[in-house]
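Dear colleague,

I am handing over the structure below, together with notes on what was found in it. Please read the notes with the model open beside them.

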Amino acid sequence: QVQLVESGGGLVQAGGSLRLSCAASGSVFSISDMGWYRQAPGKQRELVATITTGGSTTYADSVKGRFAISRDNAENTVYLQMNRLKPEDTAVYYCNLRRRLVPRTYDYWGQGTQVTVSA
């Protein structure tokens, strides 16, 4: 069974930085793609960034150049470094682990961590 625990959220002023962490239990971390999603009040959950088992990354256009996703397979942890934060980055941020067992895909989610950016 996979469990994901996020940490690192909080309140920060616009222009500031935060680093989110997501620690995964179980033995599938290194063979799974990882991602960060966020959900603002009244909005749908949206993709922020992903990182594959091989280290390839993708980002939402709104965070390119400001956020960086990374992973440490030895620590079973994925990170999201968030710089130059804006009020519109305010949301609950969720960690995702995606395990592909063709033809099926299994998604696991953390409980979320609140990020609030004040103007």
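Is Met34 buried or exposed? Met34 is buried, because its relative accessible area is 2%, where buried means under 20% relative accessible area, exposed over 50% and partly exposed in between, with a 1.4 Å probe and protein chains only.

Before the rest, a word on the source. This is a predicted model, in which local features need pLDDT of at least 70 and side-chain atom pairs count only at pLDDT 80 or more, while totals for chains, interfaces and linings use all residues. Residues are numbered from 1 along each chain as its sequence is written, and side-chain values use heavy atoms, with hydrogens and water left out.

To stay with Met34 for a moment, this residue is found in strand 4, residues 33–39. Leaving aside residues up to four places away in sequence, Met34 touches Leu4, Phe29, Ala49, Thr50, Ile51, Ile69, Arg71, Val78, Cys95, Asn96 and Leu97, a contact being heavy atoms within 4.5 Å.

The C-alpha trace spans about 45 × 30 × 25 Å along its principal axes. The radius of gyration of the protein chain is 14 Å, which agrees with the value near 14 Å that a compact globule of 119 residues would have; the radius is taken over C-alpha atoms, and the globule rule is 2.2 Å times the number of residues to the power 0.38. Buried residues make up 40% of the 119 residues, and among contacts with a separation of 6 or more, 56% are between residues 24 or more positions apart.

The link of Cys22 and Cys95 is left-handed, with -80 degrees about the S-S bond, and both Cys22 and Cys95 are buried. A search of the whole structure finds 1 disulfide.

A cis peptide bond, with omega about 10 degrees, joins Val102 and Pro103, and Pro103 lies in the loop between strand 9 and strand 10 (104–109). Asn76, in the loop between strand 7 (67–72) and strand 8 (77–82), has a positive phi near 50 degrees although Asn76 is a residue other than glycine. Arg84, in the loop between strand 8 and strand 9, is not a glycine either and has a positive phi of about 45 degrees; Arg84 counts as partly exposed, because its relative accessibility is 49%.

Finally, on charge, the protein chain has 13 positive and 9 negative side chains, and the centres of the two sets lie 3 Å apart. Here Lys and Arg count as positive and Asp and Glu as negative, with His and the chain ends not counted, and the place of a charge is taken as NZ of Lys, CZ of Arg, CG of Asp or CD of Glu.

Notes. Disulfide = S-S within 2.5 Å. Helix = DSSP H or I, 4+ residues; strand = E, 2+ residues; numbered from the N terminus.
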